Amino acid sequence: MKNKLCSLVTALIVIAFTGINSFAQKQKKQIIETAPAIETGAQDRAYWSSLLYKIAYPIVHNMAEGTLRKNLPLEKGPDYYLNVLKVTHMEAVGRTMAGIAPWLALPDDDSKEAVLRKQLREELVKGLPNIVNPDHADFLNFRTEQQPIVDASYIAQAFLRAPKQLWDPLDSLTKQRFIFEFKALRTRKASFNNWLLFSGITEAFLLKIGEQADPVRMDIALRKMKDWYVGDGYYKDGEKFAMDYYNSYVIHSMMVDMLKVMVEKKQASQRDYDEALKRMVRYAELQERMISPEGTYPPLGRSITYRTAAFQALAQVSLMEKIPEYIKPAQVRCAMTKVMHNIFDTKGTFSDDGWLQLGLAGHQPEVADQYTSTGSLYICSTGFLALGLLANNPFWTEPYADWTSRKAWSGQPVKKDYKVEY
Amino acid sequence: MPAKNAVANQIDIFDRQVQSKQNDRDYWVAVMDKIASPVLSNMSKAELRKNMQVEYSPTWDGRNNQVAYMEAFGRLIAGIAPFLALPDDTSAESKVRERLRSQTLQSLTHAVNPESPDYLYWGNNQVRQPLVDASYIAQAFLMEPDTLWKPLDTETKQRYIHEFKTIRQITPWNNNWILFAATIESFLLSIGEEINAARIDTAIETIEKWYVGDGWYSDGDKFHFDHYNGYVIHPMLVEVLKANVAKGRRDQKELDKAYKRMQRYATFQERYISPEGTYIVVGRSSTYRVGAFQPLVKLVLDHTLPEEIKPAQVRCALTAVMKRIFIPSTFTKEGWLTLGLLGNEQKNLADYYSNTGSMYITSLAFLPLGLPASHEFWSAPFTEWTQLKAWSGKPFKKDYAVDY
């Protein structure tokens, strides 16, 4: 109410000082500029939250019911080479959790969205004990195969992102079991690429909760990623550079989250953290530019079926409120909303039963990699991290704003981009 | 008044109705002509300096502003050279070609004639910019020697050789610029002149060190996410290697590897183009517009596109992009390119080193006009490009990093 009064007063002052005509012109101009968008921030948020719920619900609800193994479809990419029954369920669980964690961490209130959120949170906390209970049908495999190194780390990252809501409420037996399983991963080594961060962040979680952690697994992840930094916000994924979205699926996000714990526990310097964060912000700045005026982005590199996870870095930088000043948070929101519509409103992205299907926009199984199965797809939830901002955050309240490519391609002035030297 | 046949076609290339009846090739020729004519019709009469309206970046660094003319001319002819090299026939297009070719040849003589008002500014140790643009002239000679180099009179040729050797006083910056020096030397090599071998070999070896993987070179010691692999690095490295392999100076294997990497890079470029014909605007020099697509179109011209990319899908994608960019307000009233990506309100996009002349690098996208109209690139029906398929739920090719 107070806000409304304020803007009314401001409007009157504007009219008084600039004259009715120019006010009317300004209004008209605004209408033209906002013409493509009919949605307000609140409507966008309602779309995002109902969509994230739609994505996560089948996973979380089946976890709560103890029927995940029974019900999760097992669609596989062409020439799939993993043992799907030993990996896909943890993929679904870990990846979903990592994406919904910041949203679930919001306080309850009487909004519609909060009802969905609360239900997901309660069901998730109910389901978590099952996945580490060796006697339960949904017990997940942490102990063989390489792949669980990846997906256990997304569980650990989710615990780091929402400790009070997802870790603290677990009973002590379940906690002990998670700790045991996380440590059991140490019988295998990570691939020599972005995977180093999977091991690193799982250990960082153990460190965070006061367990004995393997300092070498964190340290080598930190050192190699620093070595593998090539410039302008881009890391190489291993010894060779690859132009794909792994900087977003994994690297920036895990690097920063891992370093946060390491700094807190005096295992890395604040300088390392600041540098990693600056680089992630630069990468996010480029990501905002990757979204075309119509809300598409170039399908580059492997794992393109991870869909909106390609924008995890941008989403996380938004969540951390570190978006460079010249980019309005609302333009990130509007760009990503458009991308989500293109992906999730396309027939075939969801199966008739509501599970994600292999593809980018729709059902396009031929584009899935040899390691991709239904569970892998749930990483798309990490594109929704900004839902962890309160509904009254400017990200959600500011009016529609054109994103950079929309401005550029409609002939509007737009900020010049320039490489960075850090 | 210039003779009527000395200026661009008067068909309105912006008229959507005309466009819809026009085939893509006619559209490309008309746009290219629209871009090229102000430069060439003036310079062929030694009136470029007199008539070109040069706008400088709002953040112009104050370097000698005479650099603009060589930028306009050098960059332009590197893009239109293959088109000029096609044989004459009775088509309407051929008239355009004959006009632009004869204007280019006349302009080429002015560029090095100290007595001509359009004698270009070739720089010195302090003003390094002309190294860049001289190299685009050399690139045009390297690509189409029969059309652009051989017809020049002996005196003009000697003058070029003199300028190309004198320009050795300019040390390139330690980034993509090393290829500018190498390109000029490689042209000298191709015509049997004495070369500065270090300017070639150091460039080749340094660029190799800057290869980061998956078709990407870093531009200097650090990687930058921009279009410099397109504006400069891939095509110039390949041309340099070609010239040196031909003379037995470098190994065919180096050329093959560089070529494969350019093919990989081009697959990204094809994927950059959105369903509605936009592409990612990242990094510096975004005012160079479609010049960014040089590797992709070079492969088209060489018939070496990766198998999964149909020539027609490149044509259709780039045509869609051009129709977004080359709108009336992208040209000044007098027909010069504006600073910006599209329209006339994006002057601030111009980097501190950019001026009206720099914009003519956009002509590099027109390399496929060097293919005859009967080539599949031009004759095949409309074909969807990758993003058009991907974002409408249709099957599309999976992408994967390469290890070369």
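**Entry 1: helix α13 of chain A**

I started with α13(A) and asked how many of its residues are buried. The count is eight of eight, so I noted the helix as mostly covered, with 20 or more other C-beta atoms within 10 Å as the cut-off for a buried residue. I am working on a predicted model.

I listed the buried residues of α13(A) by name: A:Gln312, A:Ala313, A:Leu314, A:Ala315, A:Gln316, A:Val317, A:Ser318 and A:Leu319. Which elements do the buried residues of α13(A) pack against? I found α4 (84-104), α11 (246-264), α12, α14 (329-344) and α15 (394-397), each in chain A.

I then stepped just past the end of α13(A). A:Glu321 takes a positive phi of about 55 degrees there.

**Entry 2: α12 against α13 in chain A**

Two packed helices are described by the angle between their axes and the distance between the axes. I looked up both values. The axes of α12(A), residues 270-290, and α13(A), residues 312-319, come within 8 Å. They cross at roughly 115 degrees. I logged the crossing of α12(A) and α13(A) as left-handed.

Which residues meet at this contact? From α12(A) I have A:Met280, A:Val281, A:Tyr283, A:Ala284, A:Gln287 and A:Glu288. From α13(A) I have A:Ala313, A:Leu314 and A:Val317. By class, the residues of this contact divide into seven nonpolar, one polar and one charged.

**Entry 3: positive phi in two loops**

Most residues other than glycine have a negative phi. I went after exceptions. A:Arg307 has a positive phi of about 50 degrees, although it is not a glycine. A:Arg307 sits in the loop between α12 and α13 of chain A. Is A:Arg307 buried or exposed? I got 26 C-beta neighbours inside 10 Å, so A:Arg307 counts as buried.

In chain B I noted B:Asp214, whose phi is positive at about 55 degrees although it is not a glycine. B:Asp214 belongs to the loop between β1 and β2 (216-217) of chain B. B:Asp214 counts as buried because it has 24 C-beta neighbours inside 10 Å.

**Entry 4: A:Gly127**

I found A:Gly127 in helix α5 of chain A, residues 112-131. A:Gly127 has 22 C-beta neighbours inside 10 Å and therefore counts as buried. What does A:Gly127 touch, leaving aside residues up to four places away in sequence? I wrote down A:Val60, A:Met63 and A:Ala64. I also took one C-alpha distance. A:Gly127 and A:Ala268 are 141 residues apart along the chain, and their C-alpha atoms are separated by 34 Å.

**Entry 5: the nonpolar core**

How many residues does the largest nonpolar core have? I read 261. Those with the most contacts inside it are A:Leu197, A:Met258, B:Met32, B:Phe73, B:Ile80, B:Leu179 and B:Val240. Helix α4 (residues 67-84) of chain B gives this core its largest share, 13 residues.

I followed up A:Met258. Apart from residues up to four places away in sequence, A:Met258 touches A:Leu197, A:Gly200, A:Ile201, A:Ala204, A:Met218 and A:Ala221.

**Entry 6: where the chains meet**

I counted 45 residues of chain B in contact with 47 residues of chain A. On the chain B side, the elements that give two or more residues are β1 (211-213), α12 (252-272) and α16 (386-390). That side of chain B has 19 nonpolar, 14 polar and 12 charged residues.

**Entry 7: each chain as a whole**

Chain A has 16 helices and two strands. Its radius of gyration is 22 Å, close to the 22 Å of the globule rule for 422 residues, so chain A is as compact as a globular protein of that length. The C-alpha atoms of chain A fill a box of roughly 75 × 45 × 45 Å along the principal axes. Of its 422 residues, 55% count as buried. Taking the contacts in chain A with a separation of 6 or more, 77% join residues 24 or more positions apart.

For chain B I again have 16 helices and two strands. A compact globule of 404 residues would have a radius of gyration near 22 Å, and the 20 Å of chain B agrees. The box of its C-alpha atoms is roughly 60 × 55 × 45 Å. Buried residues make up 56% of chain B. Residues 24 or more positions apart account for 75% of its contacts with a separation of 6 or more.

Conventions
Residues are numbered from 1 along each chain as its sequence is written. Chains are lettered from A and ligands numbered from 1 in the order in which they are written. This is a predicted model: local features need pLDDT of at least 70, side-chain atom pairs count only at pLDDT 80 or more; totals for chains, interfaces and linings use all residues. Helices (H or I, at least four residues) and strands (E, at least two) are DSSP runs, numbered from the N terminus. The radius of gyration is taken over C-alpha atoms; the globule rule is 2.2 Å times the number of residues to the power 0.38. A residue is buried if 20 or more other C-beta atoms lie within 10 Å of its own, exposed if 12 or fewer, and partly exposed in between; C-beta atoms are placed from the backbone. Two residues are in contact if their C-beta atoms, placed from the backbone, lie within 7 Å. Axes are lines fitted to C-alpha atoms, for helices over the stretch in contact, and angles run from 0 to 180 degrees between N-to-C directions. A crossing is left-handed if the near helix is turned anticlockwise from the far one by less than a right angle, and right-handed if clockwise. Ala, Val, Leu, Ile, Met, Phe, Trp, Tyr, Cys and Pro count as nonpolar, Asp, Glu, Lys and Arg as charged, and the others, Gly among them, as polar. A nonpolar core is a set of buried Ala, Val, Leu, Ile, Met, Phe, Trp, Tyr and Cys residues joined through C-beta atoms within 7 Å.
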